[in-house]
Amino acid sequence: AAAAALSPGEMERRRQLFEPAFVQLVARIMLRCEYPEAFEKWNRGERRDFKRTRSDIADTLYDAARVVGGGKVLELLVQPLRELSAASAGGGAFDWRKAEAAYYCMKSVAKAVPVTSGVLLREVIGSLSSVPQQPQLLATSAFTVGSYSGWLARSLKEQSIDRPFFMQVLALLGRAMADAEAAGGGALAFKLVCKTCRGLLAPFLNDLQELYAQAVNHVAGGTAGVAEQEGGLKLANGDVLQVVEGMSCIISGLPEEQVDGALQALAAPIVSQMQSAGTLQQVPLITHHVDKLTSVFKTMASNRRAVAQVLTHVWPVLDACLIAIGPSEQGAERITNCMRHGLRVAGAETAPMLQHLLATIPMRYKDHHHACLVYLTSELVKIYGANEHVQVALQAIVHDLLTETVPFLVSLQDFDKKPD
């Protein structure tokens, strides 16, 4: 209450009074972010403690930036990079730990740095393209790109950065995704750049699609769920989903006349993978590829007609996968979740499919009584329930599902055992 009563002039006077202390604080704690020499030998607990310490430092830096000003703090944080650059130019060794700590600190204050800090941010983002192939440095560099994606969007819109500059950024993200330890940071940064710069990346569509193809055309390997592909990317399954979501964001921002073709090209490799996995009846692979398509449908929520076309094309493949997973409840849930999101986005545009859906869903339910098929039917009721021309057909499918379900619910205990 007392702070609220202060005049703007008094607030500024106090800020200026404490600014030197905050500047000194930034200069001191930024040095505490560096990886020590022997960090590779740390156990899990030591790594966790270091990560927690760095997180606390990041919070402090952000608070200081809100007082001093993001631009001024960024100017302080970029100094170690300038010193490294001068040392390297003079033939000195490049200290990746010092560079990584500087980028980590700059990433931490990103939300306080105005996007109008053009010259300084161009220096920071531009320097990332030349970082060496070191896992921790690559991961932090990628995270830094993602943190300043707002500046990238503004610069692309104002045409203050050219094609070679953005291609260097894209190449950095590709290098990060090709490193097993940095791949997660590269995939997340790719998604953030795509989401923030949606509608501005049409000139780079072919280049982005090339990186997307490397990410999505993978061969899963190892018990850790890491995906390795011929292009050299080393992405976990969750990282692949980040790339798919990012590419879907770009397509959703394209001019309407380009969306249909681009979305079909986006979905084609996923559908092909689903077909192969379904033929082999490999449930983990089926669910992984289906999750990618689900991500596409969720991200393309504003493109009803284009999603309806893809859904119509892919529905037989989804149905075949549903047969292939057999009694797997988890597999059925993932597949029907994809179906449900597709129906939710496409809405009444799915009318040409309706007769087929009303015929096949009860058949699939009779096979293994997956409760998720009841949820899928509820989506059809939401879309077409008010349409008097299909109410009789909807009543029939609900009746069929109830007829199959009631025998499993003959006592109160059955409701507890099978709540779905």
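**Close-up views of aromatic contacts and a surface patch**

Across the whole structure, a search finds 7 aromatic pairs. The model is predicted.

**View 1. The tilted ring pair of Tyr35 and Phe39.** The ring centres of Tyr35 and Phe39 lie 4.7 Å apart. Their planes meet at 50 degrees, so this pair is classed as tilted. Tyr35 and Phe39 are both buried.

**View 2. The ring pair of Tyr35 and Trp96.** Here the centres are 6.0 Å apart and the planes stand at 40 degrees, so the pair formed by Tyr35 and Trp96 is also tilted.

**View 3. Arg54 and the ring of Tyr104.** The charged end of Arg54 is placed over the Tyr104 ring, at 3.9 Å from the ring centre.

**View 4. A nonpolar patch on the surface.** The patch consists of Val381, Val398, Leu402 and Val406. Together, these residues present about 300 Å² of accessible area. One of them, Val398, is located in helix 19 (residues 391-405). Is Val398 buried, partly exposed or exposed? The relative accessibility of Val398 is 35%, so this residue counts as partly exposed.

How values were computed: Residues numbered from 1 in each chain as written. Predicted model: local features only at pLDDT ≥ 70, side-chain atom pairs only at ≥ 80, totals over all residues. Heavy atoms only, no water. Phe/Tyr/Trp six-rings, centres within 6.5 Å; stacked < 30°, edge-to-face > 60°. Buried < 20%, exposed > 50% of the residue type's maximum accessible area, 1.4 Å probe, protein only. Lys NZ or Arg CZ within 6 Å of the ring centre and 35° of its normal. Patch = residues over 30% accessible without salt bridge, like charges linked within 9 Å, V, L, I, M, F, W, Y side chains within 5 Å. Areas by Shrake-Rupley, 256 points an atom, 1.4 Å probe, with all protein chains shown as cover. Salt bridge = Lys/Arg side-chain N within 4 Å of Asp/Glu carboxyl O. Helix = DSSP H or I, 4+ residues; strand = E, 2+ residues; numbered from the N terminus.
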